[in-house]
Amino acid sequence: MKDSARAVVIGGGVVGTSVLYHLAKAGWTDVLLIEKSELTSGSTWHAAGGMHTFNGEANISRLQKYTIDLYREIERVSGQSCGLHPNGGLMLAANQGELDSLRLICSRARYLGMETEMISLEQALDYNPLIDPSHFIGALWRADGGHCDPSGTTHAYAKAARQLGASVERFTRVRALSARRDGTWDVVTDKGTVHAEHVVNCAGLWAREVGRMAGIELPVLAMEHHYLITEDLPELKGRAREIVNTTDYAGEIYVRQERGGALIGTYEPHGIVWSPVKTPDDFSMQLLPEDFERLAPYFEVGFRHFPALGRVGIRKAVNGPFTFAPDGNPLVGPVRGLRNYWVACAVMAGFSQGGGIGLVLSRWMAESDPGQDILSMDVARFGAFATPKYTSIKVPENYSRRFRLAYPNEELPAARPVRRSPIYERLKAAGACMGANYGLENALWFAPPGMEPVETPTYRRSEAFPIVRAECQAVRSAVGLYETTNYGKYEVAGRGARAWLDRVFASRLPKVGRLGLAPMLNPAGRIVGDLTIACLAEDRFLIFGSGFAEEFHLRWFAQADPPPDVFVRSLASTLNGVSIAGPRSRELVQRLARVDLSAGAFKLFQVRETAVGFAPSILSRAGFTGELGYEIWTTPDYFATLYDDLRDAGSELGLKLFGGRALSSLRLEKGYGSFQKDFRPDYTAAETGLDRFVDFGKPDFSGRAAALAERAAGPRRRFVILEVSALDAEVIGYESIMKDAAAVGYVTSGAFGHCVGKSLAAGYVPTALARDGARFEIDILGEMRPATVRLEPLYDPQGLKLRS
């Protein structure tokens, strides 16, 4: 075995071999894969081998499409068959909610370029004659998908990688990892030590153990998973083609053909965690005991929905462990605080996603950029809140819902509440319907007296619709209070803080006592942050952004190499806040603050430290509603008192609590985009419109060359707000925007604008079509609805209220 390598990949399943192949293809030929047993010996060998492009996140769907298309390439390069059965995918709906979900998938598919269509149950029977149509009301078919041979596919990756110069060492155990001061690693094995520039944790069932070798606890847990293979089915005999892989939402069942019989699997409620603390070292090519008694009720549902399966015997039963992250998506990317340590684990759908993960991770390692937005797979989406206890509760919840709909207005209950601000109980007492962001509870809307703060999961307007309208109207007509503790918050201090931040951010930094909007770009000129910077002193800055991106941004700051005289820290748990918005907000805050808040004395984007009531606070004139407003920040020990003071002082002014749903409506009425929803690493400064905050005159900032090139050439698409002629549903995200029957763009977010009386959608269209009044159509749950571009904000287009 070699004693040095540019990168060592730990784990020889489908993900590890894909990463190895893609690194070698990127030109890193000095790469070594180490596998403790035989290739595929963990979870890969017993997988059902399904491959599909269905995913609620469009970018993951794209990577799944890449994965499926890649198999022909690695077959050609390696000479090894992947055992492909490219027979497509079929999804069945048993109720209106499931049908709406399929219609949303169909709308998204148009822009993604995936051949997809809603079909009748008669057509579905042609694809799969095993279906009992009496249990269903609709179906969706997609051309991409099918199944492959897990072993053949994994070996094809490995052979193709070897032909490009990569090495594979089987039956070699990694015993320890030791980081050197220069960021390289010593990989200690039972056959010697390998000095590696990079280490990639693709250890699957052992990802936790390989993480612990580096001093981290990854949020990964294995679940037992069962599937059955039936004896030959008479209904399949003589068919010219295999049945299409079929997913049954209501039955939580998947079915595909396996030779002359069928393979049927279930993601049952009350699943069983496997090896909750430590994966056995000697587990290899093993299955787990069958548990028919526990699973019988769930497979019986499958036998009712696919009756032919119940008329034949069972040829084989498989129960094996697979790993999951708390939200079901993979964990991919570099780990903050561990230089040159990478992960690609918790990849449950390895034969749908493994190729795409290998692609983005190899780009990230070779080019310092994954090449596209993968926020939904980024390991940085989990922070310190994702403890082993949290993971042990959320993973079984996610497993049990793998084939259950996740409605856009649904909040899952497991492992909640975990993080609570000091006013959590007060908000609950006021009727708050709570959601969770980065593990932190936050109010979505407030139920009036006599109504439970519970919302029916739906793709359409819910019972919260009129309540959110009242919250919006209160903000526009009087004054509202929104808790902002769920924002991301950071402090950057030290003698070199200004010079360092000037390189990290593309904007001009504010002067002392001011704050400014601050886009952050990667070297390719794409948006990695849409933040606000407040300058409290020449050597002290506060930065505010999206709460979910806290770990993502902390990692970005760390990678920007702050010098020894710059100190960066998170204020997530040390600073709480509220936004006060509306025409009477000045009157309210002035009752508690001695500083003069008149329009001429405390202007828009001004910030200062001052007392607000009892609370020593940081007070700024800013907000996200488009109204006159203030943000007030204080420490947790004063926060409940600050809240009580504000409620008391606002009682005569019509003060109303409002939640995240109202904020989404108010910001879209003003044409404001939001990071994660509208602004992501797929988009550039000019495409988003954030280029107006870029200081092109600065000599050095991340992404400058790319931003200058784009300014000269012009963006290829633009962020726009569209007024939609909707019926009883708003857009959700990634619906296709249609022009002359062609998909020309897609939606990023939407809400009903209660104060302008219009349904609103945010999205991207080609620059040439981004004209005020340009007409499009958007497929909303199967209905083509007219949509018109509005380049000016529909509410207060001159910004007079904001500046009042």
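Leu781 is buried, with a relative accessible area of 6%. Buried here means under 20% relative accessible area, exposed means over 50%, and partly exposed lies in between (1.4 Å probe, protein chains only). The model is predicted: local features need pLDDT of at least 70, side-chain atom pairs count only at pLDDT 80 or more, and totals for chains, interfaces and linings use all residues. Residues are numbered from 1 along each chain as its sequence is written, and side-chain values use heavy atoms, with hydrogens and water left out.

**Residues in loops**

Leu781 sits in the loop between strand E37 (775-780) and strand E38 (783-790). Helices (H or I, at least four residues) and strands (E, at least two) are DSSP runs, numbered from the N terminus. Leu781 is not a glycine, yet its phi is positive, at about 55°. Phe605 also has a positive phi, near 70°, and is a residue other than glycine. Phe605 belongs to the loop between helix H14 (585-590) and E29.

Leu690 is placed in the loop between helix H17 (685-688) and helix H18 (704-713). Its C-alpha atom is separated by 19 Å from that of Leu666, and the two residues are 24 apart along the chain. Another loop, between helix H9 (388-400) and helix H10 (424-429), holds Pro417. The peptide bond that joins Arg416 and Pro417 is cis, with omega about -5°.

The table lists the accessibility of several residues.

| Residue | Relative accessible area | Class |
|---|---|---|
| Phe605 | 26% | partly exposed |
| Leu690 | 5% | buried |
| Cys433 | 8% | buried |
| Cys472 | 0% | buried |

**Cysteines**

A search of the whole structure finds zero disulfides, a disulfide being a pair of cysteine sulfur atoms within 2.5 Å. For Cys433, the closest cysteine sulfur is in Cys472, 15 Å away, which is too far for a bond. Cys472 is likewise in no disulfide; its nearest cysteine sulfur, that of Cys755, is 5.4 Å away.

Strands of a sheet pair through backbone hydrogen bonds, either parallel or antiparallel. Two strands count as paired if DSSP finds at least two bridges between them.

E29 and strand E30 (residues 615-620) run antiparallel and are joined by six bridges. Val607 has Ser620 in E30 as its bridge partner.

**The second largest pocket**

The second largest pocket has a volume of about 940 Å³. On a 1 Å grid over the protein atoms alone, a pocket is an open set of points where a 1.4 Å probe fits, with protein on both sides within 12 Å along at least five of seven lines; lining residues have an atom within 4 Å of a point. Grid points are joined across faces, edges and corners, and a volume is the space filled by probe spheres set on the points.

The lining has 37 residues, of which Pro334, Ser368, Arg555, Gln559 and Ala560 lie nearest the centre of the pocket. H13 gives the largest share of the lining, five residues.
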